[in-house]
Amino acid sequence: FASASAARMAGENGTGRGPGGAEGEADRADSQPDNGVDPIHAAMENYTAATAALEGHYREKLDELRVRESERTEEYEATLRTLEQEDADADAEIAAQEEAVAELREQLSGQVADLEGTHQFPKQKVKLDIGGSRFTTSRSTLMAAKSSFLAAMLSGRYELQADETDGSYFIDRDGRHFHHVLNFLRGVESFECPTKPAELIELRKDALFYRLSGLVEIVDKKLAVSRGGKVERNW
């Protein structure tokens, strides 16, 4: 009985094989690393270090992006300032040119006004020698189309030399169709335009020479009718 009790006591004191003996101590020793470092603590430190490194990497990338964006913004603003300056310079140049044109127009208008009536025609009746064909008409008829060659000729801005024999003014132009020109100037409403294509073509040439745009339009319409709606302008 005494031996059995001693054996049990020995087991409880760690000298036997019970849970509190050598095997329990060995199990506890196996659960601890040889270097005494806690693996969970080490893992947390590694995670923290990796997180810090990743954060530093992305912070560096973000700073690079901000620098590039700042450079692009500065470049854009510089380009915009350049364009605005060029636009302002162009506006200033245009304004200067417009002012110069206005001044020139004013000068020319003054010169034209000074020339108007410089050479007066003493009579209302005007004689013309158109390539050897003689015509007599009125100054008001020849002045009917203000922008025409004939109106400019009789505006008084030019000194004309009349023929010493009959007082006519010579124009070096074929006069075969000039009577149509005079009839047009006498009144568009009563003007009877020729209908033959060959005559219309020649009359159109005269209308262009004398700068009578209204007569050109009338002739073109007649030619269009005679040619089935198509007007050829290569003459």
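Predicted model: local features only at pLDDT ≥ 70, side-chain atom pairs only at ≥ 80, totals over all residues.

Contact here means heavy atoms within 4.5 Å. Residues are numbered from 1 along each chain as its sequence is written, and side-chain values use heavy atoms, with hydrogens and water left out.

Now switch to cartoon. You'll find eight helices and three strands (DSSP runs numbered from the N terminus: helices are H or I with at least four residues, strands E with at least two). Trace the sequence and the pattern reads α-α-α-β-β-α-α-β-α-α-α.

Next, select residues 125–130 and 133–138. These are strand 1 and strand 2, paired antiparallel over six bridges (pairing takes at least two DSSP bridges between two strands). Pick Val126, and its bridge partner in strand 2 is Thr137. The two strands form a hairpin with two residues between them, and Gly131 in the turn has a positive phi of about 60°.

Is His180 buried or exposed? Buried, at 9% relative accessible area (buried is under 20%, exposed over 50%, partly exposed in between, with a 1.4 Å probe and protein chains only). Show side chains around it: beyond neighbours within four places in sequence, His180 contacts Phe191, Glu192, Pro194, Glu199 and Leu203. What joins the side chains of His180 and Glu199? A polar contact of 2.9 Å (a pair of N or O atoms within 3.5 Å; within protein, one must be able to donate a hydrogen and the other to accept it, and residues adjacent in sequence count only if both atoms are side-chain atoms).
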